[in-house]
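Subject: Structure handover

Hi,

Here is the structure for you to look over. My notes follow below it.

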Amino acid sequence: MKDHVDVAIIGSGITGLSTAYSLVNRGCRDIVIFERGSLASGASTRNGGGVRAQFATEENILLAKWSIQRFRMLGAELNANFWFRQGGYLFVAETEKELSLLRSTTEFHKRFNLGTRMLDCEGVQAIVPEMVCTSVIGGAFRKGDGVLFPFPLLFGYAEHLKRTGVSIETHCEVSAIKRSRKGYELITSRGTIYAEHLLNAAGGWSSNIAKMMGTPIPTNPARHQIMVSEPLSPFLDPMVVTLRDGFYMSQGPRGELVGGIAEVGQHKNDPRKSGSDFCRQMSSRIVSLFPRLGNARMMRQWAGYYDMSPDANPILDEVPGFERAYLACGFSGHGFMISPAVGEFMASLILGERPPFPREPYRLSRFETGEIRHETLVIG
Amino acid sequence: MVVDKSFVCLCEDVTVDELRDVIKRGFTDIEDVKRITGIGTGPCQGKQCMQVFRQMLAEEIGIGIDEVPLTTIRPPIVPIPFGQWASDRQGDGEP
């Protein structure tokens, strides 16, 4: 391992990889990415691949809209087919309160030209003919949203980065971070390295890394579970989301159903442990909405972390008081889908350039000044 | 080079050649190879292929099979119909 580097990134998840990719594209190649486990082994390899611009805050909408455009080109750039399919996202309302939330977000989306439209019960039925709509009173739909398969994108980034000379140190834990004369000194399980710039992109472990630096941040990991079915004939075009219980489900390129639900009940917040209560809860919802799936089988189930921030919006900033140390965390379950924009944002900060997005809404200091807008469309 | 289209993973259609190619591209971590090829993540969840896969990986990188970790075993042990889960009302709490 080298002992000096221009940029050290902690975390080989989609945020770290995407930032490294943006840096490489702008000519900065002296980068080391540190990863405690296997490549991208946190939320990036555990998420459902949903990609949407339908959010309730401008913060997430701006990043998501930009990212969707990029996802359309990234496959060709990386020579990696990650099956980005824009089948749309359908948000389903079963109460008047949920319907009015969707009306207000759909109205808000007009400012950004997202093309989100309200549907009545028949409109929902037309898009998802297999779904029983007895409890459904309406929904919101945006065609440009969709799903992708995370693995080929992650490994596509990793291969591309390695070819350009970026080193990715997997199974290498950073155990201490100190300030040094020209930046930061990182003590790792493979030795000490000095970095001029440092990025905390550790996802569910971002608050641990911040604590290590002596600057606590208000992000907290929250365990969520997800499952995949055996492959089935195609019947589900969009990602379906119900607001009542955070249920979401889409059908992947091989026909498998991928989805999750907001868990009820207590648990120990350990992503290594997944529980059969989730399987019962998820399956009950699946068969009530899609009775024909009663005989379809759940194949595999696992868990991972959402790195929650207090307002469920990301923190993209320089660490206050720590020059050239940066934070890209608190993605609250949306990190993958906004990663191309986040990579561009962070690369700009690292290179001392102006990001293509406003800086203020993503600053860490917003939690002290109280100027926060809470993202309400957090699913799962 | 000898072409070997023998299937290692029958659920996800992963062949010997495909595994060799991924390893040759520099991915030797069992979790990486699993995620790139899908090996062991189909209906049998690796029960048929995992030992052959680990042996192959060990040979290709020149280590003993015991040095290749197992991938995480995920529930359910066998695929279970949604209808069966849904009618099972007994909670088992958090493991």
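First, a definition: a residue is buried if 20 or more other C-beta atoms lie within 10 Å of its own, exposed if 12 or fewer, and partly exposed in between, with C-beta atoms placed from the backbone. Helices (H or I, at least four residues) and strands (E, at least two) are DSSP runs, numbered from the N terminus.

This is a predicted model, in which local features need pLDDT of at least 70, side-chain atom pairs count only at pLDDT 80 or more, and totals for chains, interfaces and linings use all residues. Residues are numbered from 1 along each chain as its sequence is written, while chains are lettered from A and ligands numbered from 1 in the order in which they are written.

Helix 2 of chain B

In helix 2 of chain B, the buried residues are B:Ile30, B:Asp32, B:Val33, B:Lys34, B:Arg35, B:Ile36 and B:Thr37. That is 7 of the 8 residues, so helix 2 of chain B is largely enclosed by the rest of the structure. What do these buried residues pack against? From chain A there is helix 5 (150-163); from chain B there are strand 2 (14-15), helix 1 (16-24) and helix 3 (50-61). After the helix comes B:Gly38, with a positive phi near 85°.

The contact between the chains

Chain A puts 34 residues into the contact and chain B puts in 25. Here, two residues are in contact if their C-beta atoms, placed from the backbone, lie within 7 Å. On the chain B side, helix 2 (30-37), strand 3 (80-81) and helix 4 (82-87) each give two or more residues. That side divides into 11 nonpolar, 5 polar and 9 charged residues. For these classes, Ala, Val, Leu, Ile, Met, Phe, Trp, Tyr, Cys and Pro count as nonpolar, Asp, Glu, Lys and Arg as charged, and the others, Gly among them, as polar.

Two strands pair if DSSP finds at least two bridges between them. Strand 3 of chain B runs antiparallel to strand 16 (residues 297-308) of chain A, with 2 bridges. One bridge there partners A:Arg297 with B:Pro81.

Further into the sheet

Strand 13 (residues 239-242) of chain A points A:Met239 and A:Val241 one way, and A:Val240 and A:Thr242 the other; all are buried. Strand 4 (residues 89-93) of chain A is parallel to strand 13 of chain A, with 4 bridges. A:Phe91 has A:Val241 as its bridge partner. Strand 14 of chain A pairs with strand 13 of chain A in the antiparallel sense over 3 bridges, and A:Val240 is partnered by A:Met249. These two strands form a hairpin with 4 residues between them, and A:Gly246 in the turn has a positive phi of about 65°.

Domains of chain A

The assignment gives domain 1 (4-48 + 151-219 + 310-369) and domain 2 (86-145 + 221-307). Such bounds come from an automatic or database domain assignment. Over C-alpha atoms, the centres of the two domains are 30 Å apart. Contact involves 14 residues of domain 1 and 12 residues of domain 2. The domain 1 side has 3 nonpolar, 10 polar and 1 charged residues.

Strand 18 of chain A

Is strand 18 (residues 325-329) of chain A enclosed or open? 5 of its 5 residues are buried, so strand 18 of chain A is largely enclosed by the rest of the structure. A:Ala325, A:Leu327 and A:Cys329 cover one side, with A:Tyr326 and A:Ala328 on the other. A:Tyr326 is the bridge partner of A:Leu199 and also stands opposite A:Glu318. Strand 17 of chain A forms a hairpin with strand 18 of chain A, with 6 residues between them.

Best wishes
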